[in-house]
Amino acid sequence: MASVELVNVAKRYARQTVLHPLDLTIADGSFTVLVGPSGCGKSTLLRLLAGLESLSGGEIRMDNVAISDRDPADRDIAMVFQSYALYPHLTVAENLAFHMQVKKVKRDEQQSKIARIAGILGIDTLLQRYPRALSGGQRQRVAMGRAMVRNPQVFLFDEPLSNLDAQLRMELRAEIKSLHQRFGTTMVYVTHDQVEAMTLADQIVVMKEGRIVQQGAPLAIYDRPADTFVARFIGSPPMNLLAGTLVTRDGVPGVACQDLWQPLPPRWQAIARQRDGMAVTAGIRPHDLTEAAGGAQTTVKVVEITGESTLLHLDWNGQPLHMQFAGRHPAGRGDRLTLGFRSEKIHLFDATSGLRLPEA
């Protein structure tokens, strides 16, 4: 296990800046997930850690020792790729043993490690098969096993589940989390799937256009997104964002969105009084919308029922909204619903900058 620190790290290709100078600390034994849309720089950052790309600026340290100039083989870091990267002409056992053979590990030790790792990953009955005879989930387990036999200080995962179906993603996600809890090895995981990020991470790092937008514990980011980008990106279904204005009525600070006014909870009241009349963006998650007499009149456009929940796609005077219920809801296409918000769950952002307003 090891801590990792990125200090003023940057990456450029000619005139194109892929990563702007950034700092990031990854604690020893932590599970850090880099998340963001395609092209945000998260995979490039992972490749810099692995030594597969050279830095354009800054320094990478492991346990306070600079490793920026070390070859990938000398960093004590193992990487699991999205494409599995297995040798097609080698059996599963030979793929697992490959690195140990290069390092001239004794044969008995090789066999012992292979047996132990194959047992943990449930691939002990597949050792004599070739990759072409394996399913996608089995190939990913072999790729994970090949990294595990190296017993590295840091594991890197580059979107390892993106090629799998939903059921296998769920199973392997739980397996990766279980492996981390069992071995306590420092792990850095790249994904564009915020559900993977929320369920796996001790620390989430949200990236956009080569910069870190927000980092912290999963629930801390979910509960207090730093801006409207994070608010929409973290959470499924995404947060509703409504144009609004801070308006005080009868001495009560509130937010007005179209024809709907909602009082604000205590944490927002001080800023609302200071900036009365300010244009804001009000954020409300789909499960925090409620049916309320005298509220906003909306029309149901689409109904999605999964069994355990119902998601309604609504139209509110041209503003699309998502509303989610636990269980089943009788609404159908074209139905009219009257909505309100759970006031205590409202998020407020500056309408111009998109940044979260300060709370008391």
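**Aromatic pairs and overall build**

F229 and F233 are both buried (under 20% relative accessible area with a 1.4 Å probe, protein chains only; over 50% is exposed, and partly exposed lies in between). Both residues belong to helix α8 (residues 228-233), four residues apart, about one turn of the helix. Helices here are DSSP runs of H or I with at least four residues, strands runs of E with at least two, numbered from the N terminus. The model is predicted: local features need pLDDT of at least 70, side-chain atom pairs count only at pLDDT 80 or more, and totals for chains, interfaces and linings use all residues. Residues are numbered from 1 along each chain as its sequence is written, and side-chain values use heavy atoms, without hydrogens and water.

The structure contains five aromatic pairs (Phe, Tyr or Trp rings, the six-membered one for Trp, with centres within 6.5 Å; planes under 30 degrees apart are stacked, over 60 edge-to-face, the rest tilted). One of them, Y87 with F98, is tilted, at 4.6 Å centre to centre and 45° between the planes. Y87 lies in the loop between β6 (77-80) and α2 (92-102), and F98 in helix α2. Y87 counts as partly exposed because its relative accessibility is 31%. F98, at 32%, is also partly exposed. The ring centres of F229 and F233 are 5.7 Å apart with planes at 20°, so this pair is stacked. F31, F155, F157 and Y189 form one aromatic cluster.

The protein chain comprises nine helices and 19 strands. Of its 360 residues, 49% are buried.
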